[in-house]
Amino acid sequence: MPELPGGLRGREPVRELIRDCLALPPGADRPVTVLLGPTGIGATDLHAYVKERFAPDTPCAYLNFDAAAGLDIRTVLGGLARELERKLTKYKEPSFPRFIVGLLTTGTPMEDLLRAHSRRRLPRLIRDELRNREGRYGSFLGQLAEVLAEALDAPPGVSDAAAAVLSSVTPRTGQLPWRALNRGIGWYGDGRIPPCADPADALVELNSWQHRADDGRENGPRDVERVLLRAFLADLREHARGWLNHRAFLLLLDNCHTETGRRFLELLLEARHEDKAARRGCDPLVTLASVHRWLPEWGPATGVQWALRPQDSDLASLAHWEAGRGSESSDDFWWYPLELRPLRLADTRVLSAGAPRRPDIVPGVQRLTGGLPWAVRHTVNTLLRAAREHPAPEEDPYACLRRVPGLPPAPPVPGPDPGAPTLAQASLGYLLEDLADEPGSDRRAVLVRWSAARDLSVCAQVFGTGTGDHGEPLPGLLRERWLLAAEDGRLVLHPWLRRLLLWELAADEEMWRDSHARLAAHFRTGRERPAEVTPGTDMELEEMYHRLALGETEPVAALLARRFTERGSEDFIRDLDLVTSAPNRLDKAVPPLRLLDSLTTGSDTPAMSPEAVIRRLAVARWIWSDPLSDPGRRLNAVIAGNYDHLAAMRSSGIVPLYDEAVRYRQWRDE
């Protein structure tokens, strides 16, 4: 099955943005582009797509900060420099004399060295140590690349052909020329940071910042990181000005929501603000970062304190960024946040190219996963494996899709638990990896219960508050991971996450019944306190939503039948749609038509009475609304037929009912 193609809508504009940024002249402003979205939204795939398109013709470094967790910025910068100095076609590779001198100088304390030698001999000692390292590792930066080997690997998704080309591009080896080394040492003089006129004094001072905590400088190591980043950028600037040299360098930074990733972005933006104030022009880095957590630097995850609004990645362009920038002094001057939207049905078809055409499982997969690329890929892979091992019977082609969360996942098993027995457990582990239960915490159970609610804003009242790290409310943690959103005035879980949690809730009948019963009671008693009701909330319908989830079809049908006679057709349709969107724990091994038959037989009501028709319609749409109960939309004709019957029973207001019947007959998932 193919990896996520970059050409899918919302991805290709990002590639074009990167292309245009690489073509800018030295000194031109370039955004710090940040891809936003939940875990699995496809940011790593997009990094792979961009790297495949632009490397090896452009100096390019990919770094996964998840794999670099715990490493300091010195090491990260060394790994990036090692990647950027790879030998490319046509152009001379960059070198990093200023950065290497700073890195070498701050590596170990200098007290013993300076007691044995004059400070004025420091440059010579640096040269000797550098030559020693180059002799052992082929180049000074080679040892750092070994430490970061896993984090610097090409992102998953790069094609085999591209990976072969990239691996053939060898890093620079051999000695740094004396002239370049002297230039690197000299850069630390002339009152630069540290503010010493003599390079030797400056380098000794820099070393003390890194290693001496008793000199009154509390943030010494962090100040060293600032200096090293500026040295790194100064080396890139000098190279970009050279004849027949590259004018820009591409950084692909994955999972920058980690502590080290946030620190790197903070330092880069700080340097850019200072360069802008000093009129030095922008550095030549074209930065494409990705985060799966809302960064604290942006304020609350609601975005109310951030002047910028994340833009749909479909709109990405250099001109769009320029038009939306704030003032030069604003914190958001360099940011360009782009939200990667879920896949649409056409995109999912591209990603599911290996799936059989008969039956067409793609619309069902799209509904189930909410278009989350990671979920689409692993769901289809799981279905393909199941079809090979246990083919579905011809009379029930959607049998595997209805049970897919409970099937063994196709290897390699995704997520932190390689032994997860089902796709649902593996997927929940992947989505909620850093929200896993701590000792004494019931966070996972709280989330499972919350999945029963149509609106999570009532969950704290019904089930109590769930807290996350440092006591932060669970809704806040979900929102900052793009797993919770506002929709029609409600707080709703990401559709894939909710579907997985509901699957787990359905496995425990007692918990399912208790959760929905408590929610139904909340709305029933809420009708007695109208002052506390949220405007626009129909408490009676909300109660029936949960009673239908409990399988109580009779009272639900009675309410809808009453509203059919008391209200207009459009209001009735809205009420029906709300109530029948309730989840169910019906047997997923049973096809939808048989489920409908088992739930609607045995009534004494005449078959063509309004009450009986509305009951069949409500039950049919309840089954139809669940992507695991009717993934193939087999009940479209049943729903349409019942709308026809209802229209024939009314003396007025029949057009909306007939229109609804036509809509279901001609239904096409988008």
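The side chains of Glu 540 and Arg 562 form a salt bridge, with 2.8 Å from N to O. Glu 540 belongs to helix H25 (residues 539–549) and Arg 562 to helix H26 (residues 553–566), so this pair ties together parts that are 22 residues apart in sequence. Arg 562 is partly exposed, at 34% relative accessible area. The model is a predicted one.

A salt bridge also joins Arg 563 and Asp 575, whose closest N and O atoms are 3.2 Å apart. This pair links helix H26 with helix H27 (residues 569–579), and the two residues are twelve apart. Arg 563 is buried, with a relative accessible area of 3%, and Asp 575 is buried at 7%. Both pairs are part of a network of salt bridges that includes Asp 538, Glu 566 and Arg 567.

## A pair within one helix

Arg 263 and Glu 266 form a salt bridge with 3.3 Å between the closest N and O atoms. They are three residues apart in helix H13 (residues 259–277), which means that about one helical turn separates them. Arg 263 is buried at 8% relative accessible area, whereas Glu 266 is partly exposed at 34%.

## The sheet

Six strands make an open, parallel sheet in the order E2-E3-E4-E1-E6-E5. Strands E2 (60–64) and E5 (311–312) are at the edges with a single partner strand each, so one side of each has no neighbour in the sheet.

Strand E1 (residues 32–36) is joined to strand E4 (residues 285–291) by five bridges, and Val 32 stands opposite Thr 287 in E4. Helix H2 (residues 43–54) packs on the sheet and touches E1, E2, E3 and E4.

Methods:
Residues numbered from 1 in each chain as written. Predicted model: local features only at pLDDT ≥ 70, side-chain atom pairs only at ≥ 80, totals over all residues. Heavy atoms only, no water. Pairing = 2+ DSSP bridges. Helix = DSSP H or I, 4+ residues; strand = E, 2+ residues; numbered from the N terminus. Contact = heavy atoms within 4.5 Å. Axes fitted to C-alpha atoms, helices over the stretch in contact; angles between N-to-C directions. Salt bridge = Lys/Arg side-chain N within 4 Å of Asp/Glu carboxyl O. Buried < 20%, exposed > 50% of the residue type's maximum accessible area, 1.4 Å probe, protein only.
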